[in-house]
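Subject: Predicted model for you to look over

Dear colleague,

I am handing over the structure below, together with some notes on it. Please read the notes with the coordinates open beside them.

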Amino acid sequence: MQVIKIHHPYDPELIPEGPVVLAMGFFDGIHRGHQAVIKTARKIADEKGVPLAVLTYDHRPEIVYQQYPVGGVHYLTPLPRKLDLLEQLGVDRVYLVNLTSALSALDPQKFVDQYLVGFHTKVAVAGYDHTYGADASLANMAHLKDFAKGRFEVVTVDKMTLQDNHKIGSTRIRQLLDSGDVQAANELLGYYYQTSGVIVHGFARGRTLGFPTANVAWPEAEWIPTIGVYVVQLKIGDRWYDGMASVGRNVTFGEHNEKTLEINLFNFNQMIYGENVQVRWIKRLRGEVKFASVDDLIAQMRLDQHHSKLTLQNLKALPGQILQ
C-alpha cells in the first residue's frame, strides 16, 4: 500500500497519474461503518479497473477546531494501526493529509477542486455524515454532487445501526470503552479492540502472589479501556498468548498509585522486558476492588483466571470479522 503525505498547499507532482476511486474519512477505529465505506469503494474500484485510494488525516479535527483537551487527544486507532487496517481492507493508496488551519480555511468548492479533482477522482465514496471543511452546513455529502460539477460520481454510504438502533460510530465506541464494555465495543468494531505498548519493569507484586504479570507501558495517545479486570490476549512477536489484565491503581496496596496495565499470561514463563506488544481486549470481568487482605485478593484472582480461561476456550471470530 502506497502512503503519500500531503501538506497544504501540496505539490501536484506528488499525485500519481490515472483515475482512482476515492474513499474519504478520518476513520478512527475502522469500525463496521468505516468498513462498509471502504468495501463499497473497493467494489467500485474493481468494477472500474482503477486503484482504490483513501483520503484521511493525520490527527483528529478537534486539534484544529477546538481548545486542546486536558490530558491530550486519544485515538482508537493511532496512525500505524489505522494504516495497517486500511491495508488489510485492500486499499491501494492512502493520501495522508496534514490537517491544518490553512487547509480547514478552504471553502468547500476549492477543497473539491484542489483535492478531489486534483487526486483524479473518478468516484468519491464516503459515509452519510462525512464533512470536508469547517462549515458542515455546506461541506457535506448532500452538497458534494453540486461541487463535483459532473467531474466525478458521488456515492454516499448510509448509516449503520445495531438492533437497538444505536448508530455504529467512533464516539459510541469510545463511550463503551470508557464504561468498560469492551464486548459491545467489539461488536461495533467488527473485530477485537487492540492497543499497543512495551513491556517494562513493575513492582513484581504479582510474582509474590503467584500471578506474575507483564507490565505494559502504553502510548499516551491510545484509548485504554477503563479501570477493571479483563480477559485479554497479548501478542509477543508473531504469537498471541492468553491472559487476564488489570487496568488499575493497585488500591489494595495503597492510595494514589499511578494507573497501570498488568497482564497475567497463562502457562507462560519467559523474560520479555523491552518487547513491543499488542493487547487484544476480549471481555471485562469486573471493576477494581480494594481487598481487606492479600489472601482475599489471591482468591479473587484465582476466580478471575478461571473465568478468563473459560471465556478464551469459547472465543470465536466476531460476525463478519475480517480484521485481526
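Residues are numbered from 1 along each chain as its sequence is written, and side-chain values use heavy atoms, with hydrogens and water left out.

The barrel

Six strands form a closed barrel in the order β7-β8-β11-β10-β9-β12, with antiparallel pairing, and the twist from one strand to the next averages 45°. Helices (H or I, at least four residues) and strands (E, at least two) are DSSP runs numbered from the N terminus, and two strands count as paired if DSSP finds at least two bridges between them. Strand β8 (residues 214-217) is joined to the antiparallel strand β7 (residues 194-200) by three bridges, and pairs with strand β11 (residues 260-265), also in the antiparallel sense, over two bridges. Within β8, Asn215 stands opposite Val200 and also opposite Glu262 in β11.

Helix α10 (residues 294-313) lies across β9, β10 (239-248), β11 and β12, running at about 105° to β12; contact here means heavy atoms within 4.5 Å, and axes are lines fitted to C-alpha atoms, for helices over the stretch in contact, with angles from 0 to 180 degrees between N-to-C directions.

The largest pocket

A pocket is an open set of points on a 1 Å grid over the protein atoms alone, where a 1.4 Å probe fits, with protein on both sides within 12 Å along at least five of seven lines, and lining residues have an atom within 4 Å of a point. The largest pocket has a volume of about 950 Å³, a volume being the space filled by probe spheres set on the points, which are joined across faces, edges and corners. Its lining comprises 37 residues, of which Phe26, Phe27, Asp129, His130 and Thr131 lie nearest the centre, and α1 (32-48), α2 (62-65), α4 (101-104) and α7 (170-179) each supply at least two residues of that lining.

Gln35 is found in helix α1 and is buried, with a relative accessible area of 5%, where buried means under 20% (1.4 Å probe, protein chains only).

With best wishes

Note on methods:
Predicted model: local features only at pLDDT ≥ 70, side-chain atom pairs only at ≥ 80, totals over all residues. Buried < 20%, exposed > 50% of the residue type's maximum accessible area, 1.4 Å probe, protein only.
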